[in-house]
Amino acid sequence: MTKLSPSILAADPLRLGDALTLAYTTGCDELHFDVMDAHFVPNLSFGPALLSAMKKQQPDMVYDVHLMLSDPLQYVDVFAQAGANILTVHQEANDFEACIRRIRELGMQAGASLKPATPAQALQPWLAQLDRVLLMTVEPGFGGQKLMLDVLPKAQKLRQMGFADEIEADGGIGLSNMKLLADSGINVLVMGTAFFKAENPAGVAQAVHAL
Ligand code: DX5
Ligand code: ZN
């Protein structure tokens, strides 16, 4: 079954607790928590205090934390303590290998993310240590962008390279293109705008689970 991980980046910043409840009650599999440092990407988003508060409100939600930071290593322990279940760092960031090692030491699922221009081959040396690969289908930093279709072949490439765990895609995903991604071997869909700005978010979750 294809999983849905709605991104709170697209939720009303004044009502993030309600956004969490919506994700949970509509049966979303995870909550996608985009962390941005205004350096790796030209935007600034949420910190560990918000994640801790969400974990307290909904301890049994799966927190899918996406670090878009130039120096993520110093925040691996911080987001572990705040409640991350899956912690994803960019292969393009500093200390990538040390981050993956530390994420696994702390017992979280380890994810690696690739910007659109970074080829799947860049992850070859670490595939055996990864629980998940997150393919950015937009330039990271902002929600509401258009999906970049030329990223999709990376999913097949990862399978050819022997990666059998979860492939997640993030950016510009909605009802109109989600089947294309699922058919490309992508198991987890991040939806920000398409979920939190939907007329019927529950219907979006049902449609993803019916793929
Ligand atoms: C980009 C962000 C967005 C967000 C989803 O850095 O990671 O991709 O999660 O945005 P939508 O679904 O609104 O394109
Ligand atoms: Zn993300």
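Trainee: Which residue lies over the face of Phe 40?

Mentor: The model is predicted, and the answer rests on its side-chain positions. A charge counts as sitting over a ring if NZ of Lys or CZ of Arg is within 6 Å of the ring centre and within 35 degrees of the ring normal. Over the face of Phe 40, at 4.3 Å from the ring centre, the residue is Lys 115.

Trainee: How many aromatic pairs does a search of the whole structure find?

Mentor: Rings pair if their centres lie within 6.5 Å. With the whole structure searched, the number of aromatic pairs is four.

Trainee: What is the geometry of the pair formed by Phe 96 and Trp 126?

Mentor: The ring centres of Phe 96 and Trp 126 are 4.9 Å apart, and the angle between the planes is 80°. Planes over 60 degrees apart fall in one named class. The geometry of Phe 96 and Trp 126 is therefore edge-to-face.

Trainee: How many residues apart are Phe 96 and Trp 126, and where do they lie?

Mentor: Phe 96 belongs to helix α4, residues 96-105. Trp 126 is in the loop between β5 (109-114) and β6 (132-136). The pair links distant parts of the chain, and the separation is 30 residues.

Trainee: Are Phe 96 and Trp 126 buried or exposed?

Mentor: The cut-off for burial is under 20% relative accessible area. Both Phe 96 and Trp 126 are classed as buried.

Trainee: What is the angle between the planes of Phe 195 and Phe 196?

Mentor: Phe 195 and Phe 196 are both buried. Their rings form an edge-to-face pair with centres 4.9 Å apart, and the angle between the planes is 85°.

Trainee: Which side chain does Asp 60 join in a polar contact of 2.6 Å?

Mentor: Asp 60 is placed in the loop between α2 (48-57) and β3 (63-68). The side-chain partner of Asp 60 at 2.6 Å is Tyr 24.

Trainee: Which backbone oxygen does the side chain of Thr 26 reach at 2.6 Å?

Mentor: Thr 26 is in the loop between α1 (16-25) and β2, and its relative accessibility of 15% means that Thr 26 counts as buried. A polar atom of its side chain lies 3.3 Å from the backbone oxygen of Ala 23. The backbone oxygen reached at 2.6 Å is that of Leu 22.

Trainee: What share of the area of ligand 1 does the protein bury?

Mentor: Ligand 1 is surrounded by 20 residues, the closest being Asp 34, Gly 141, Asp 170, Gly 192 and Thr 193. A polar side-chain atom of Asp 34 is 2.5 Å from an oxygen atom of the ligand, while backbone atoms approach ligand oxygen at 2.9 Å from Gly 144 and at 2.8 Å from Gly 172. Taken alone, ligand 1 exposes 370 Å², and the share of this that the protein buries is 99%.

Trainee: Why does Ala 38 count as partly exposed?

Mentor: Ala 38 lies in the loop between β2 (31-36) and α2, and its phi is near 60°, a positive value. Most residues other than glycine have a negative phi. Ala 38 counts as partly exposed because its relative accessibility is 47%.

Trainee: What is the phi of Asp 95?

Mentor: Asp 95 is in the loop between β4 (86-90) and α4. Asp 95 is partly exposed, with a relative accessible area of 43%. The phi of Asp 95 is positive, near 55°.

Trainee: Why does the radius of gyration of the protein agree with a compact globule?

Mentor: The protein has eight helices and eight strands, and its C-alpha trace spans about 40 × 35 × 30 Å along the principal axes. Buried residues make up 52% of the 211 residues. A compact globule with 211 residues would have a radius of gyration near 17 Å, so the value for the protein agrees, at 16 Å.

Terms used: Residues are numbered from 1 along each chain as its sequence is written. Chains are lettered from A and ligands numbered from 1 in the order in which they are written. This is a predicted model: local features need pLDDT of at least 70, side-chain atom pairs count only at pLDDT 80 or more; totals for chains, interfaces and linings use all residues. Side-chain values use heavy atoms; hydrogens and water are left out. Rings of Phe, Tyr and Trp (its six-membered ring) pair if their centres lie within 6.5 Å; planes under 30 degrees apart count as stacked, over 60 as edge-to-face and the rest as tilted. Helices (H or I, at least four residues) and strands (E, at least two) are DSSP runs, numbered from the N terminus. Buried means under 20% relative accessible area, exposed over 50%, partly exposed in between (1.4 Å probe, protein chains only). A polar contact is a pair of N or O atoms within 3.5 Å; within protein, one must be able to donate a hydrogen and the other to accept it, and residues adjacent in sequence count only if both atoms are side-chain atoms. A residue is near a molecule or strand if one of its heavy atoms lies within 4 Å of it. Accessible areas come from the Shrake-Rupley method with a 1.4 Å probe; for residues, only the protein chains shown count as cover. The radius of gyration is taken over C-alpha atoms; the globule rule is 2.2 Å times the number of residues to the power 0.38.
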